[in-house]
Amino acid sequence: MEVERFKAELWNIIKISKLAMETLFDPICEKLGLTRVQLKILCGIEMGEFSTIGGLSNNLGLNQGNASTFCKKMEQQGYIKRSRSGDDERVVLLTVTENGREVLNKLHHAAGAIFDEMAGTLSQTQIERIVLCFADLQEALIAINEKYKK
């Protein structure tokens, strides 16, 4: 495949995939009373992608003030708990509360139903090919991200 076609196809795949995921997950977020950013924060903490406001800020591309505001609101809503690090009181640690875990369980259930429905329309070969292609794409994107982080 020529480079120009590759770029156009890749851009289109990413754009359509992002829009499709937002279309699927926005109603779930609304039903759970969360914004997309709040959902990303809960999932990020749960998956161990970050555990501090600084890590959240870096991971989601937010400035620390905005990240702190999101977390304060989420703590007031009962989804997360903020606490100061014992080693460095400037560091604010984030944990998911029981209420936050309940919301995440509802999210996982709703997402599972969507993915089950999608998988039901695909052959085993198609499923395996999709997973392998996305794994390759993820690996390539991580590699190029590392290059640009430096």
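**Helices, pockets and packing**

Me: How many helices and strands does the protein have?
Reply: This is a predicted model, where local features need pLDDT of at least 70 and side-chain atom pairs pLDDT 80 or more, while totals for chains, interfaces and linings use all residues. Residues are numbered from 1 along each chain as its sequence is written, and side-chain values use heavy atoms, without hydrogens or water. Helices (DSSP runs of H or I, at least four residues) and strands (runs of E, at least two) get their numbers from the N terminus. Going by that, the protein has six helices and two strands.

Me: Which pattern do they follow along the sequence?
Reply: The C-alpha trace of the protein spans about 55 × 40 × 20 Å along its principal axes. Reading along the sequence, you get α-α-α-α-β-β-α-α.

Me: What is the volume of the largest pocket?
Reply: A pocket is an open set of points on a 1 Å grid over the protein atoms alone, where a 1.4 Å probe fits, with protein on both sides within 12 Å along at least five of seven lines; lining residues have an atom within 4 Å of a point. Volume is the space filled by probe spheres set on the points. For the largest pocket, that comes to about 1,400 Å³.

Me: Which helix supplies the largest share of its lining?
Reply: The lining has 30 residues, and those nearest the centre include Ser 17, Lys 18 and Met 21. Helix 1 (3-32), helix 2 (36-46), helix 3 (53-60), helix 5 (98-119) and helix 6 (124-149) each give at least two residues. The biggest contribution, ten residues, is from helix 1.

Me: How many residues of that lining are nonpolar?
Reply: Here Ala, Val, Leu, Ile, Met, Phe, Trp, Tyr, Cys and Pro count as nonpolar, Asp, Glu, Lys and Arg as charged, and the others as polar. Three lining residues of the largest pocket are polar and six are charged, while the nonpolar ones number 21.

Me: Which helix gives the largest share of the lining of the second largest pocket?
Reply: This pocket has a volume of about 350 Å³. Its lining has 14 residues, with Phe 6, Leu 10, Ile 13, Cys 133 and Leu 137 closest to the centre. Helix 1 and helix 6 are the elements giving two or more residues. The largest share, nine residues, belongs to helix 6.

Me: Are helix 3 and helix 4 roughly parallel or perpendicular?
Reply: Their axes (lines fitted to C-alpha atoms over the stretch in contact, with angles from 0 to 180 degrees between N-to-C directions) lie 9 Å apart, at an angle of about 115°. Since 65 to 115 degrees counts as roughly perpendicular, helix 3 and helix 4 are therefore roughly perpendicular.

Me: Which residues of helix 2 meet helix 5?
Reply: These two helices pack at about 100° with axes 11 Å apart, so they are also roughly perpendicular. Contact means heavy atoms within 4.5 Å. On the helix 5 side you find Gly 100, Val 103, Leu 104, Leu 107 and His 108, and on the helix 2 side Leu 39, Leu 42, Cys 43 and Glu 46.

Me: How many residues are charged in the contact of helix 1 with helix 5?
Reply: Helix 1 and helix 5 cross at roughly 145°, with axes coming within 11 Å. Among the residues that meet are Met 21 and Phe 25 from helix 1 and Lys 106 and Ile 114 from helix 5. Eleven residues of this contact are nonpolar, none is polar, and the charged count is one.

Technical notes: Angles under 35 degrees count as roughly parallel, over 145 as roughly antiparallel, 65 to 115 as roughly perpendicular and the rest as oblique.
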